[in-house]
Each structure stands twice: as structure tokens, then as C-alpha cells.
Amino acid sequence: MAKMHARLIGLLVLMTASLTTPGAPSAAALADPLWFDEQAATAFTVEGGRFIDGLGREVVLRGYNVSGETKLEENGGLPFASVADAEKSATALRALGGGNTARFLLSWAHAEPVRGQVDPAYLAAATAQMRAFIKAGIRVYPDFHQDLYSRHLFNQGSWYTGDGAPKWVVDAGGYPRESCGICLFWGQNITQNEAVKKATYDFWHNRGGVQDAFLATAQTAMAYFAEHLTGAEFAAVVGFDPYNEPHAGSYESGQSSRGWERDLLWPFYEKFRARMDAAGWRSKPAFVEPNLFWNANLAFQKQEGGLLDAGAIGPRYVFNTHFYDQKAISGVFMWGKAADGQYAGDFGAVRDRASDAGTAAVVSEFGHPLSGTVSDKAPTVHKAMYQALDSRLPGAAWWSRPHDSGPVLSGTQWQWDIYHGRHHELMNGNPDKVLTAADAWNEEDLSAVRLDDSGRPVLRQDARLLDRLCPSATAGRVLAFTYEDRSRDGSTTLTWNPVPKSLPRVAELVGGGQYGLLLWRSDGTSAPTELHLPASFDSPRTTVVSDLGALHGLPSYGAGVPIAVAPEPGGTGSRRLLLTAPGPAGLHYALVTNGATGPSAGLLKGAQDELAAWAATRA
């Protein structure tokens, strides 16, 4: 009831603002938040299996992990060496990468270097760096990250390294000298390295109170963030990821992976949830991950899981999972490249599991190596992953079955590290093993960004792939969405969702350009639907064909302008398309393309008629 009361007040504010805004705002005013932005930012909740903002709009989180630098020692377990670097990274993430969200990595080892003593200097630095992203208009959700449990399990001569738990945890454990045996990939340590397995097992069984210590540190950190961020800044922190890629370490005799999730993992999440509540995070969801192997696409890796016995977990929990194509990464189990619909089934399983759990979903890590023997697959693998986030359908089936498209999934790509290729990391503290190349961690190379020689952030991947049209906030409910990014694999333009021949005027309008199409059912409010507008969609040359109108060239936003452009909050130069549907609630469509050059009124009207007929029969 309190939530409904707050929303009604917010809508009254919006209605009043719309009635008192005389015409289009000035260019100077566009640099400031628009009349609905403040209310939209006041809340972030889960309702009906979707993320919802303070206006009741359906929100899609898209962005990157910030960053793998946290796993290194060179900057003291922080993503950045300075706030200035954080600001530079945040601006680039928004303006170049098209992101609106950052999964913000934290280090337990640096937060609690001595048992029971949380380092306030570390929390202060993390808060300041997090604030840089919030000021850029980016939502964040922190993650106490771990891989292979702890760096301190490894010695100076080790082939691999880890991150996560502090040295005092490892010292107290008395673990054997680490050895993975014959391991071709660092992830094999999870199931083959006895030191990693035993330490992980001890965490889940709270040996020596180590899990209790972690929970106490997490509560202290969360309380610090709540206290030291302003109310508006804290509202942009949308939740917390308690534990990265959980695994049992070792199973008890007769214990299944599903039983481990039920008996050990889920009780841990309930304890973490209680710590969130105590730290002032009651209104924010926990982004909880299942057994990391629950959705492995190699049969011999797959383990039963997905928090199957947790029941309906929304709205206090979000179903949070990762997906990497291990077949493609192996170089053995997938010889060719990814194709249209490659991951429709994998990401469809994420949608289905979240729906069964009564909550929203986020794919908080996905990606593919950008160098090495399998890097030639990266353009198609990434395109197929983003396609599967946008819709559960292959492009070849989307136009004939948009009603089966499913919700647009939120996701954060791994990763966004501006220091890529410029590191100075002493691997496991060894001065004779200084890592500078790529991500400087276990031979990974997945960062989408780097700094050029002038210190300017530049993309390492095709901007057409990363900076994507996306329905960031829909006033109502998304029914279907698709985006043909026309990204490239070398010199080849990849087109997996061509406009069908049955819509010749639409096909003529789009031509060889990028396009997106959103179908939504509005909720009858005056708040606009927002789509992130990529930099490749220059406002004067962008075409929109919708039941709200058909035009070439986007006007600035103002009262009575149903199709318009405006800056996104944060002052980074990124833009949004605003679609304002009149009440009452109803079905709407909008095609957005940069493929047309001076289309005639007849072509616009013809495309509008075709889309209206298509939407009426297909949606």
C-alpha cells in the first residue's frame, strides 16, 4: 500500500509538471534532468518478474563489470587508481559503451585485511569511485568478488592466481600446497585444485567462523555505503551481489549439487539478506547466483541447480547468473562461429528459471576472449549473446512470432577495464613475474575498452555491437523487442534479422542500416518510454516510424512532442529517444533506424501502414 501511495504521488507530480511546461525546453535546460527523471530515480524494485523504477516503468539494466582490476593488487583491490580514472571510465562506459549499469567489484581481502577490522580507507575509496559512476547516470550493484577463493592460496611460483578471501583466512585454514595438475584453463582449479576445493568447502560450512566474518564485513560495508552516499546517490545502488560464481568446493557423500544449493547456498543468501536489511538496504534486492555450473553448455560440466528449491524468491531476490560459451572457448567442442539464435535456448532457460522463481533475471557476466586461438569467434559469439538478451527468438523467427519474444534480459558484459594492456601486476607477489598485457589475470583478455596513447578510452570491440538501441525504461510492459546492430566480423557485416519481404516499404526504409523495433503496451501514464540511442543514430538522420507518428530527424524533447530526443542523465553526452504515448493504455510500436536518407512522406506513410497491420495481427 505504501508503494502504491508513493507511485500515485509521483504520477500527480508528473501530471502537474506536464501541464505547466510551456513548449520545448531550451538547449541549456536539456543538460539538466527532465521533469520525470527525479521521480524515476527514487526507486528500483522487482514487480511481476520485471525491474521497475519510481514511475512504475519496466527497466532494463545493460552495462559492464567494473572491473577485473579489483582482482589485482596493483591498485589495492579497487577498480581504479584514482577517482579521476573512475570518472574517465564512467563517462566512456556511458558515451562509448552505451551502458546504464555497472556491476561494481569489491575485494573482501582489502576490506578486512585483519580479522574483525574493516578498513575504512578502503571503503571510503570504493565509495568515491562508485560515486563517479552514479554521477554519470549509471546504476550500480556491488559484488564482493571471488575466483578460486583467494590469491593467498597460491605461491609465487604458481601458474595461476585467485582473488577474494583475505590472507588471515587462508593462514588459519592450513590448506595443502596448491596444484591443479594438468589444467589448460584457470577454471579447472575449481574442481581439480585441492587447496581451492578445501578452502571453498570450509567457507560454506563456516569452519572457524569464516562465513560469519564475511557476513559481518559485508554488513559493515553496506552500512558504510548507505551512510556516506547521499539519498539520491544511494537510490542508484540497485542491489548487491553476495557471492560470485558459487560452488561447493567438494560435496558430501551422497550430496547432490541441488541438495548443496538447498542446504548450504540458500541459507547463506538468507543470512546475507538479513545483513542487507540491518544495513539499511531493505528496499533493495539481493542479486543471488546459483551453482555456477547449473547452465553450463558442456554436458560433462553441467550440474543440477538454479535455486530450484528456493520457491518464489521475488521481490527480495533477483535471479542472477553468468553465461560463457565453454564450447566456443575450448576451441574443440565448437569449431565454427556462432550463428543466428545460437544462445536462444541458453538465455531462454534463464528467463524461464526467473519466471518460475517469481522474480527478474540478470546475466551479470557474459563474454568471450578477444585474443588467442579462439578470438576469431568473438564477434559472432558476442552478437549472439546480445541477441539472446534482447529476445528469446532467433532473428529468422522474430518477425513471424514476436509474441514469443519474451522479456528483454538485463546483463553486464565482462568486462570494462581502462588499464587493459597497461598493468603492472606482480603475480602472486612475485617481482620476477610482472604482468602487463591484456587483463593481467590468468591470461584473460576480455576487456571491451582500453586507453590509447593519449590516455583516452577507446573501444576494443565494434561500437555497433556494444553501443546498442535498448528499451531502458518502458512506460508499461515490453511485449517484444529486437535490434539488428549490423556489427561486423572482420570485413563482413552480420545481418541476422533482415526485414521480411512481406514488408517492402519497411525494408526500403531500413535499407542496410541498423534498426530496432519495440512493441509495448502502455500503462496510460504521462511518463515517456525511453530507449538508449546509440551514437551511430545521429539525431538529424534518425527515422522513427510508430503509431505515435512517423518522422525523419528527431526534435528536442518538450511537452506535446510524442517522439523526441534528449540527453541521458549524467552529462556524458549520451542520448535517449523518448516516446510519449497518450492515455488510455494501449498497444504501441516504434521502429527506429539510421538507414534512411531523406525518406519521402509517402515512404514513411507506407512503412507506418505496414507496421500497423503487422502489429495488429502479430502482437
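These legends describe close-up views of a predicted model.

Residues are numbered from 1 along each chain as its sequence is written. In this predicted model, local features need pLDDT of at least 70, side-chain atom pairs count only at pLDDT 80 or more, and totals for chains, interfaces and linings use all residues; side-chain values use heavy atoms, without hydrogens or water.

**View A. R575 is buried without a salt bridge.** R575 belongs to strand β24, residues 575-579. Strands (E, at least two residues) and helices (H or I, at least four) are DSSP runs, numbered from the N terminus. Buried means under 20% relative accessible area, exposed over 50%, and partly exposed in between (1.4 Å probe, protein chains only). A salt bridge needs a side-chain nitrogen of Lys or Arg within 4 Å of a carboxyl oxygen of Asp or Glu. For R575, the nearest side chain of opposite charge is D538, 5.5 Å away. Lys and Arg count as positive, Asp and Glu as negative; His and the chain ends are not counted. The R575 side chain does reach two backbone oxygens: that of F537 at 2.7 Å and that of P534 at 2.9 Å.

**View B. K284 is a buried loop residue.** The loop runs between α12 (257-278) and β7 (286-288). K284 counts as buried because its relative accessibility is 7%. Its side chain reaches the backbone oxygen of F234 at 2.7 Å. Contact means heavy atoms within 4.5 Å. Leaving aside neighbours within four places in sequence, K284 contacts several residues, including V237, V238 and M276. R273 is also in contact with K284; their C-alpha atoms are 9.6 Å apart, and the two are 11 residues apart in sequence.

**View C. T127 sits in helix α6, residues 120-135.** T127 is buried because its relative accessible area is 3%. A polar atom of its side chain lies 2.7 Å from the backbone oxygen of L123. Beyond four places in sequence, T127 touches Y224, F225, H228 and L229.

**View D. F300, V332, F333 and W335 form a nonpolar surface patch.** Together they have about 540 Å² of accessible area. Areas come from the Shrake-Rupley method with a 1.4 Å probe; for residues, only the protein chains shown count as cover. Patch residues have over 30% relative accessible area and no salt bridge; like charges are joined within 9 Å, nonpolar side chains (Val, Leu, Ile, Met, Phe, Trp, Tyr) within 5 Å. V332 lies in the loop between α13 (326-330) and α14 (344-356). V332 counts as partly exposed, at 47% relative accessibility.

Notes
Polar contact = N/O pair within 3.5 Å; in protein donor to acceptor, adjacent residues only side chain to side chain.
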